[in-house]
Amino acid sequence: MDGPKGRFITLLCTMKSDELEQELESAFPFVDKPKGIDLSFHKDDCLHCQYLRNDLDSYADQHLSKDGIRELYNDMSCLSASGWYWVFPSYLRLCLNQEASLFSNETEYLIYNLAPESKYKEETKQRLSAFNKPQLKCILHFIIWWQQNEHWQQYFGSELEQAKSFISELINA
Ligand SMILES: [Zn+2]
């Protein structure tokens, strides 16, 4: 978008990115990977969860690389609360760095995962249950930051609105 209005929005987003980066650094330190079955959402014999555990076997560090995130971004529902707690510091940093690239699958799926349909709300709350208030607020600020981005707002406007009210609900609970 050209013209004064476009420049203003760009400037606003740039400022917000800096603030968001600072907030992310302080709210989301890297943590250890959960061991064994603790990584999985389902504790019984779920093959889907088992496959993901196997796929993530070679990723043992606190920091999960982009390749590691590629293994799991469309299987986030297979991870436990401590799984999300381990993955989010790396995942959010990746999203912050990918702002400029359109159609980033990782960001797209994260937005979906933060905007569950009614029937998945309870289990999504369980997966978010390890996060403290400052972390939930940081996630909310990511949602607001995506809303400021023309691309995400245009294609995922309703999901972003849903995610915003869902996370706000948890913060105020
Ligand atoms: Zn499972």
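Analyst: Helices (H or I, at least four residues) and strands (E, at least two) are DSSP runs, numbered from the N terminus. This is a predicted model, in which local features need pLDDT of at least 70 and side-chain atom pairs count only at pLDDT 80 or more, while totals for chains, interfaces and linings use all residues. Residues are numbered from 1 along each chain as its sequence is written.

User: How many helices and strands does the protein chain have?
Analyst: The protein chain has 8 helices and 0 strands. Read from the N terminus, the order is α-α-α-α-α-α-α-α.

User: Which helix is Arg 53 in?
Analyst: Arg 53 belongs to helix α2, which covers residues 47-55.

User: Why does Arg 53 count as partly exposed?
Analyst: A residue is buried if 20 or more other C-beta atoms lie within 10 Å of its own, exposed if 12 or fewer, and partly exposed in between, with C-beta atoms placed from the backbone. Arg 53 counts as partly exposed because it has 18 C-beta neighbours inside 10 Å.

User: What does Arg 53 touch?
Analyst: Two residues are in contact if their C-beta atoms, placed from the backbone, lie within 7 Å. Not counting residues up to four places away in sequence, Arg 53 touches Leu 39 and Ser 40.

User: And Ser 40, where does that lie? Is Ser 40 buried or exposed?
Analyst: Ser 40 sits in the loop between α1 and α2. Ser 40 is buried, because 21 other C-beta atoms are within 10 Å. Leaving aside neighbours within four places in sequence, the contacts of Ser 40 include Arg 53, Cys 49 and Cys 78. The C-alpha atoms of Ser 40 and Met 76 are separated by 9.7 Å, and these residues are 36 apart along the chain.

User: A new topic: what is the kink in α8, and where is it centred?
Analyst: The bend at a residue is the angle between axes fitted to the seven residues ending there and the seven starting there. In α8 there is a kink of about 90 degrees, centred on Phe 156. The expected span of a helix is 1.5 Å times one less than its number of residues. Helix α8 (residues 150-172) has 23 residues, yet its end C-alpha atoms are only 28 Å apart, short of the 33 Å that a straight helix would reach.

User: Which residues of α8 are buried, and what do they pack against?
Analyst: Trp 152, Phe 156, Leu 160, Ala 163 and Ile 167 are the buried residues of α8. They pack against α5 (105-113) and α7 (133-147).

User: What span does α7 reach? Where do its buried residues fall?
Analyst: With 15 residues, α7 reaches 21 Å from its first C-alpha to its last, close to the 21 Å expected. Buried in α7 are Cys 138, Ile 139, Phe 142, Ile 143 and Trp 146. Seen down the axis of α7, its buried residues fall within an arc of 145 degrees (the arc of the directions from the helix axis to the C-beta atoms), so they line one face of the helix.

User: Finally, where is confidence lowest and where is it highest?
Analyst: In the protein chain, confidence is lowest in helix α1 (residues 3-27), at a mean of 68, and highest in helix α6 (residues 121-127), at 97. Over residues 1-15 the pLDDT is below 50, and this stretch has 4 contacts in the model beyond near neighbours in sequence. Where pLDDT is low, the predicted coordinates should not be read in detail.

How values were computed: pLDDT is the predictor's confidence in each residue, from 0 to 100.
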